[in-house]
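Subject: A structure for you to look at

Hello,

I am passing a structure on to you, together with some notes for a first look. Please open it beside this message and read the two together.

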Amino acid sequence: MPDDEGHPTVEEIELGRVLSALADPLRRRVVRELAIAPEGTARTCASFSLPVSKATVTHHFRTLREAGLIHQVDRGNSRMAGLRRADIEARFPGLLAILTAEPPGNDRVAV
């Protein structure tokens, strides 16, 4: 059962939800940036400079959190997001390697 913040347990991370979350290029960009960062890196949602409204950023991070790809923690008046690297590798070995191999330009959103 997901915790109070909506983070699923490792066993609850489902491939369909993960792939659905990663289908969006901006969400893939967030996961890719966290995957290439050093282990334990946590960033604010705003630090990704996504070209969308604040409400849409919130939606994207909620989708990633509920899919089990990221873990979010409140830090004062902001939220820090970190990659659930070990959990993702345990459930879907090699998935992060595939994401980090994708060329960065593939995260463009059609306007």
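What follows is a walk through the sheet, the helices, the core and a few single residues.

First, the ground rules. This is a predicted model, in which local features need pLDDT of at least 70 and side-chain atom pairs count only at pLDDT 80 or more, while totals for chains, interfaces and linings use all residues. Residues are numbered from 1 along each chain as its sequence is written, and side-chain values use heavy atoms, with hydrogens and water left out.

The sheet

Helices (H or I, at least four residues) and strands (E, at least two) are DSSP runs, numbered from the N terminus. Three strands make an open sheet in the order 1-3-2, with antiparallel pairing; two strands pair if DSSP finds at least two bridges between them. Strand 1 (42–44) and strand 2 are at the edges with a single partner strand each, so one side of each has no neighbour in the sheet. From one strand to the next, the twist averages 30°. Angles here run from 0 to 180 degrees between N-to-C directions, and axes are lines fitted to C-alpha atoms, for helices over the stretch in contact.

Strand 2 (residues 70–75) and strand 3 run antiparallel and are joined by 6 bridges. Isoleucine 70 stands opposite leucine 83 of strand 3, and valine 73 has methionine 80 of strand 3 as its bridge partner. These two strands form a hairpin with 2 residues between them, and glycine 76 in the turn has a positive phi of about 65°.

The helices on the sheet

Helix 2 lies across strand 1, strand 2 and strand 3, at about 70° to strand 3. Helix 3 also packs on the sheet, where it touches strand 2 and strand 3, and its direction makes about 120° with that of strand 2.

How do the axes of helix 2 and helix 3 cross? They come within 10 Å and cross at roughly 65°. Leu26, Arg27, Val30 and Val31 of helix 2 make the contact with His59, His60, Phe61, Thr63 and Leu64 of helix 3; contact means heavy atoms within 4.5 Å.

Helix 2 has 12 residues and reaches 16 Å from its first C-alpha to its last, close to the 16 Å expected at 1.5 Å a residue. The expected span is 1.5 Å times one less than the number of residues. Of its 12 residues, 10 are buried, among them Pro25, Arg28 and Leu34. Buried means under 20% relative accessible area, exposed over 50%, and partly exposed in between (1.4 Å probe, protein chains only).

Glycine 68 follows helix 3 and has a positive phi, near 95°.

The core

The largest nonpolar core has 25 residues, and Val31, Phe61 and Leu69 have the most contacts inside it. Such a core is a set of buried Ala, Val, Leu, Ile, Met, Phe, Trp, Tyr and Cys residues joined through side-chain atoms within 4.5 Å. Helix 1 (15–22), helix 2 (25–36), helix 3 (54–67), strand 3 (78–83) and helix 5 (95–101) each give two or more residues to this core. Helix 2 gives the largest share, 5 residues. Beyond its neighbours within four places in sequence, leucine 69 is in contact with residues including Val18, Val31, Leu64 and Ile88.

- Histidine 60, in helix 3, counts as buried because its relative accessibility is 6%. Leaving aside neighbours within four places in sequence, histidine 60 is in contact with Asp24, Leu26, Arg27 and Val52.
- Histidine 59, found in helix 3, counts as partly exposed at 42% relative accessibility.
- Alanine 86, in helix 4 (residues 85–91), counts as exposed at 57% relative accessibility. Its C-alpha atom is separated by 9.7 Å from that of glutamate 39, 47 residues apart along the chain.

Best wishes
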